[in-house]
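Visitor: I have a structure open and some questions about it. Can you take them one at a time?

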There are 12 protein chains.
Amino acid sequence: MSEMIMILNGPNLNLLGGRQPEVYGSDTLESIETACRTHGKALGLDVDFHQSNSEGRLVDLIQQARTSCAGLIINAGAYSHTSIAILDALLAVDVPVIEVHLSNIYQRDEFRHHSYISKAALGIICGLGAHGYELALDALARKLGTTKGST
Amino acid sequence: MSEMIMILNGPNLNLLGGRQPEVYGSDTLESIETACRTHGKALGLDVDFHQSNSEGRLVDLIQQARTSCAGLIINAGAYSHTSIAILDALLAVDVPVIEVHLSNIYQRDEFRHHSYISKAALGIICGLGAHGYELALDALARKLGTTKGST
Amino acid sequence: MSEMIMILNGPNLNLLGGRQPEVYGSDTLESIETACRTHGKALGLDVDFHQSNSEGRLVDLIQQARTSCAGLIINAGAYSHTSIAILDALLAVDVPVIEVHLSNIYQRDEFRHHSYISKAALGIICGLGAHGYELALDALARKLGTTKGST
Amino acid sequence: MSEMIMILNGPNLNLLGGRQPEVYGSDTLESIETACRTHGKALGLDVDFHQSNSEGRLVDLIQQARTSCAGLIINAGAYSHTSIAILDALLAVDVPVIEVHLSNIYQRDEFRHHSYISKAALGIICGLGAHGYELALDALARKLGTTKGST
Amino acid sequence: MSEMIMILNGPNLNLLGGRQPEVYGSDTLESIETACRTHGKALGLDVDFHQSNSEGRLVDLIQQARTSCAGLIINAGAYSHTSIAILDALLAVDVPVIEVHLSNIYQRDEFRHHSYISKAALGIICGLGAHGYELALDALARKLGTTKGST
Amino acid sequence: MSEMIMILNGPNLNLLGGRQPEVYGSDTLESIETACRTHGKALGLDVDFHQSNSEGRLVDLIQQARTSCAGLIINAGAYSHTSIAILDALLAVDVPVIEVHLSNIYQRDEFRHHSYISKAALGIICGLGAHGYELALDALARKLGTTKGST
Amino acid sequence: MSEMIMILNGPNLNLLGGRQPEVYGSDTLESIETACRTHGKALGLDVDFHQSNSEGRLVDLIQQARTSCAGLIINAGAYSHTSIAILDALLAVDVPVIEVHLSNIYQRDEFRHHSYISKAALGIICGLGAHGYELALDALARKLGTTKGST
Amino acid sequence: MSEMIMILNGPNLNLLGGRQPEVYGSDTLESIETACRTHGKALGLDVDFHQSNSEGRLVDLIQQARTSCAGLIINAGAYSHTSIAILDALLAVDVPVIEVHLSNIYQRDEFRHHSYISKAALGIICGLGAHGYELALDALARKLGTTKGST
Amino acid sequence: MSEMIMILNGPNLNLLGGRQPEVYGSDTLESIETACRTHGKALGLDVDFHQSNSEGRLVDLIQQARTSCAGLIINAGAYSHTSIAILDALLAVDVPVIEVHLSNIYQRDEFRHHSYISKAALGIICGLGAHGYELALDALARKLGTTKGST
Amino acid sequence: MSEMIMILNGPNLNLLGGRQPEVYGSDTLESIETACRTHGKALGLDVDFHQSNSEGRLVDLIQQARTSCAGLIINAGAYSHTSIAILDALLAVDVPVIEVHLSNIYQRDEFRHHSYISKAALGIICGLGAHGYELALDALARKLGTTKGST
Amino acid sequence: MSEMIMILNGPNLNLLGGRQPEVYGSDTLESIETACRTHGKALGLDVDFHQSNSEGRLVDLIQQARTSCAGLIINAGAYSHTSIAILDALLAVDVPVIEVHLSNIYQRDEFRHHSYISKAALGIICGLGAHGYELALDALARKLGTTKGST
Amino acid sequence: MSEMIMILNGPNLNLLGGRQPEVYGSDTLESIETACRTHGKALGLDVDFHQSNSEGRLVDLIQQARTSCAGLIINAGAYSHTSIAILDALLAVDVPVIEVHLSNIYQRDEFRHHSYISKAALGIICGLGAHGYELALDALARKLGTTKGST
């Protein structure tokens, strides 16, 4: 039986592919969603995929994940650096959380080097583009035991 | 034909398994090396695995990787936070670099939140324990094209 | 004739009781609302009770309080530490404002020690759990003259 | 043929005229909208005028401006100082952006001296009250070539 | 049977009523003491009321409270911002401590925004003038069980 | 009858056109002076235009403006960031002051983000190149009533 | 009729003459008191001279000065840099206060560069040794009108 | 035989009397010069009195004082806070230097709290208005021995 | 003939044994005094042992030590971190000073990491509990020559 | 039966005696080793004494001490202030660690005031020269029970 | 054919030889000029040598160098640390710039450690006294090709 | 008779020529060594040339230079910014030290702007590429008197 994983995407990630491709790559959010669903299925994971520009909506979604999901992957975009509300929602969630960033935030503006989210995350994957989401699914699968260790 | 990947481990990582298992997990460095070799092979990657407590020795090894390897994975341990020399060595390397940390460094001492290494890394994976090394190999395999995209 | 008091609760306060009870206590937001209504009635105060995870919605509600309420009690949760928008809304309100926090924010993370809200508040009550709301109603009642001084 | 300009107003600007007139002046947002429409028409510019207290809604609107407008004027109010999400939305927009503030933010609280928005703006006009919007329209008209240089 | 509560007042609070009434209100310390005794009695609490300009004397008094009192209310005035000695004395006390400030210290000089005392306090009440002492007694009564919950 | 406006230009602005045109544009200071005179005339404003590389000379000129001018426009260049003497001279002037910067100083070196001048200015216009001077004249004309509101 | 001036000396000033004469000069506190009395008499001022090592005692003395003295001279020694309690006592005093330091505190340790006292002082005289007390008496005499202007 | 004292006044001090009298008092620089000459004569001191808005000119004058004067009084105005060049000139002068400020700079903007000049001064007198110059002459007279100690 | 050593203990050290034993150990101050007397005697040192909660009293005692003692051991407790007055008293003492802390202050709150006392101390011993006092006596004995070197 | 104690000396300590004797004293490292061996023997402790200029070598030695020694004394010299690698090695060691510094590091350069080592040390002894090593042995002997308490 | 090099000296360098020779050496500015002319001639370089105490004058001279000189050597003295105006003038110059300091500014006051000039300089030579000017000429000669490489 | 000069090169300088030539130039370390030997010979200086990636090895070499060399030139590379151990070794050396950097470190990352080495250096030469080593030899030759002054 497969587990449900919520994948949350923050502000402006709906623009992926069109916006600053030299920073964020050429994948669209739709192609990332498709890749996640496919990869999740192979790992025994169902994917509940969302994007919102609203901090409050992201808090709402995280609260829903508390009861409906076995794991959570979040790329909170700009809210990573400013939102204690999202941090608090994640702290209230008992399932493992993986933080993902498409770009290497440590090679960008100083104010992007700090993420509140990291305080609530099991692990962080950043700079690996769309592939980072798949690796996060791998990490959750390993954690949740739907897959085995190294093969 | 497989590519060579150098995996570098910094100070005190030779103590893994015995040292503060609540922080670093119970895997030993030997078991990580074995997992990396096995996982690498599946990805078409050969693994050149090293550990040193010496900053200078790590710089030497990175310089060697310039000509001998197609990718580099580094868990520089404590030197992540203090060594500009290792950063400079990595900046002189043309192959993709993945930074790995076993623990989530953002949930530990303030002085562990900053890594000089990140300035030279393609991507960072942290908090996912020994599994992080395997994910780093996945990322390099995808980058180097020895494996395909999402399956 | 009784006065209307708006009581505003910020992000994640809808989780009270279930979320980190060692920090926030075991009262639910519903039980707090009930206690406030009961206590308010005894003080000659009607209570207009709200919770929202959205910063913008909280701004909207404060703006409504300008014309409909004689006093305002706000536990802005995480937004206390990050929202100048809520501060500005409160500065535009002429009625007395009491800031409430369930936990003692000065014994938690450094980034929770500063509250923008305090700049617009008549008074602050923190660390006294659900009882803090009732004390805030007492303070407003005294301020608005619906009750007398010490008995 | 006239160009479309989006004019965005952030939190609490709907209170203009009534709120702290010694800081923000006595113009209402409606009178500013009217003045902008009139002045825009004279410059060959159509005006799409919005206000929202919600950060996420402002991000949504900026994303719409990407395809519908030739220029953007934004007075993000309190979000100027706290919102990287709005900054990122603006960075994804190719049209010229003018940042406007009614008051001189450098004569107010220290935390109002820094604006994330400025990183994405062509120019900034502040302290000139409602007139600042008209000057911003002048600047866009000059930039877009709907008007000529100095007369 | 009633419980004993020590109420401690720090430097310059003996001047209340005469000194800067626009900041501290027009109540004298004597009227506050009277109000506390009256209010305490209604709550089943006896009040041991002190004022001193001496940091060392305040430390002495807190040490006495360790064995003689069931709760402690402290308005340490200026020492709130500078005295680690008083903090340490309070940390050595097992009874609940409520910190009170007459004025809203967050609307005054920057150096008044930080209180060492808060690290040892159960709760903080500030900005509510002399009424704050009565609310602190309410909080202790609720905590000590001499009164019931909301009525 | 027209009003006199002093326009002051600080160090290195005499090099405009030749110096770093990618930062400062291709207008020369002479062409800006001409545009200001023409635009001023249309607004009922006479223009007294100066440039100096000397901080003391700029202070002298501002002092002269106290009695001879109805308004002052200043682009203090590098002195914006370092000169309290110019700030003090402006504070001693009773006429409205508009601060102008050709480039968007918030997108340049960190040390260019702060301007002492802003503390004495009615308004600030920056990043709009030579056009910024004309907009400053518009603002003064509106302020001084030589022109009407929006047309 | 002569006015009463309180002269307050803080911790370790009783050691003057013997302690670090290269910093504080060779005058003893007794010789300073004598010089102040003689100089005060010539200016129509009586002198009430005190020294204490206790912060609380200094607060007590300043409170007494509120009703008994027409002016106050204070060399608070080390407490200048650490005591908000003394600052608050001085703020509650209506008579003019002159702050005196024997040594030039700006040429000593960094932590001696800041004095809380200065916020409550009319003027500050520092670095002029024992003579500074006499100059402070001159300043008070001029302020209180017991002497005339320049002769 | 009398000694020569140079008195230097920095930027904007020529405006004294007219400029912000609530900060700087109603004395003009001319009346201060007259008072200094009269008071100096009584102390056996000749006065060489200058004002300049130019930092470089002030450096020139200080260099002249090296050979022509027995003491130097400087109110460097705004340059106190920004000029290392004036500090260096003073450090090259062997005669005693007294720093004077009309206002209490510690009660004004944060950036006025630090003076480079103080590093080179024997003593500092601030907040005592025009009288401060006369007290500085007293201090130099005492130092140079043209007058005796306390009378 | 034996030398006299003053041992000074600051605020709250009279609570030792009862207060936070996990931080300060289970020794009482009395048992420390006894151990010091016994150990001192063996080293040819008489011990003058004091405790006070008052900063001023500690300054008084240090001043007495100037003439009566050959060495001074001080555990200033919380005043270590806040008292420049005690530092100044110690700087006025010519005898060797050893600073002692029971706990390792570098493993506690950030504000306990800095000690003003250290600037005046010959040596510092911290984290070694009550034994630290005896080691301090050893150090003074070696320094004063009442004992020989290593045995 | 005696216990083994490792004593580690960091960079440049091999120069002792010859290098800056006014800072480090005139003892050579050899004489310190001899004194430690003699003193250790009297305490029932064997001494394993090392010096290295290499951070990596010091990490190696600490790792060896994990299994071979009952206690560790470390004077890490300059690495105290810069080496997180040595801190991590010490954190992995279960035996008690005493940190020693020959000079009082709090009276030297600001960058010598902080030691990473202190986070892993039981206690710190500094400023007492070569004698500090012997006191550290005393502390370990007391801790390990090879000697009794105060005599 | 020889190239023209401008050598600029900032405030107080005209005092060289007489002023603080322990810091700046005993060479006079005249002897430096002579040495530069002689050394320049040997390198095929003509020298245009200036000194000014005025920041504005130095900006003027740098602007002249734009068209008249092939290289520029600048010892801006105190203005190195405070003048963005001089930095901007240098940034507008296309010829290579060498920054020279007589003393090692990194061993002096903290505020002398930072030089704005360095941002515009090809290279920096400091601490080598008057010889530094000659080395700067060597560097320019090598750069401009009037001399060959190593001999 | 010629003097011996040690020239030390820190981490990654062995990569010169191949690594980031746009930053470090195209000279190899071998060509720099050759140029130094040739240039040294002309100045009467023998050259002892080393490179190491190890901080400890560099400390060892500096310690050797104490007895074998008359001067020392060091380009410590990345260790300039992080190594107090190297600083301490240099402070223990009595011969003159010249610090060299190939690139202008003040135009690179913020963390490269500070060099610990500078505290121990006679002079610093930076930004002049390989030529900087030759200029450093010139400076030492002048200092040691193997060459005369300006020719």
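Visitor: What share of the 151 residues in chain A is buried?

Guide: Buried residues make up 64% of them. Buried means under 20% relative accessible area, exposed means over 50%, and partly exposed is in between, with a 1.4 Å probe and protein chains only. This is a predicted model, where local features need pLDDT of at least 70, side-chain atom pairs count only at pLDDT 80 or more, and totals for chains, interfaces and linings use all residues. Residues are numbered from 1 along each chain as its sequence is written, chains are lettered from A and ligands numbered from 1 in the order in which they are written, and side-chain values use heavy atoms, with hydrogens and water left out.

Visitor: How many helices and strands are in chain A?

Guide: Chain A has six helices and five strands. Helices (H or I, at least four residues) and strands (E, at least two) are DSSP runs, numbered from the N terminus. Along the sequence of chain A, the pattern reads β-α-α-β-α-β-α-α-β-β-α.

Visitor: And how compact is chain A?

Guide: Its radius of gyration is 14 Å, close to the 15 Å that the globule rule gives for 151 residues, so chain A is as compact as a globular protein of that length. The radius is taken over C-alpha atoms, and the rule is 2.2 Å times the number of residues to the power 0.38. The C-alpha trace of chain A spans about 40 × 30 × 25 Å along its principal axes.

Visitor: What do the contacts in chain A look like?

Guide: Contact means heavy atoms within 4.5 Å. Of the contacts in chain A between residues at least 6 apart in sequence, 76% join residues at least 24 apart.

Visitor: New topic. How many residues of chain A are in contact with chain B?

Guide: 27 residues of chain A are in contact with 27 residues of chain B. The area buried between chain A and chain B is about 2200 Å², and carbon and sulfur atoms give 54% of that area. Buried area is the accessible area (1.4 Å probe) that two parts lose on being put together, summed over both.

Visitor: Which three residues supply more of chain A's share than any other three?

Guide: Y106(A), I124(A) and H131(A), which supply 23% of the area that chain A buries against chain B.

Visitor: How far apart are chain E and chain H?

Guide: Their closest C-alpha atoms lie 12 Å apart, and no contact joins the two chains. Chain E and chain L do not touch either, and their nearest C-alpha atoms are 30 Å apart.

Visitor: Back to chain A. Where is N12(A)?

Guide: N12(A) is in the loop between β1 (3–9) and α1 (21–24) of chain A. Its relative accessibility is 0%, so N12(A) counts as buried. Phi of N12(A) is near 75°, a positive value in a residue other than glycine.

Visitor: Now H81(H). Is it buried or exposed?

Guide: H81(H) counts as buried, at 10% relative accessibility. H81(H) lies in helix α4 (residues 79–82) of chain H. Not counting residues up to four places away in sequence, H81(H) touches I84(F) as well as residues of chain H including I105(H), F111(H) and Y116(H).

Visitor: Last one. Where is G145(H)?

Guide: G145(H) is in the segment after α6 (131–144) of chain H. At 54% relative accessibility, G145(H) counts as exposed. G145(H) and G44(H) are 101 residues apart along the chain, and their C-alpha atoms are separated by 9.7 Å.
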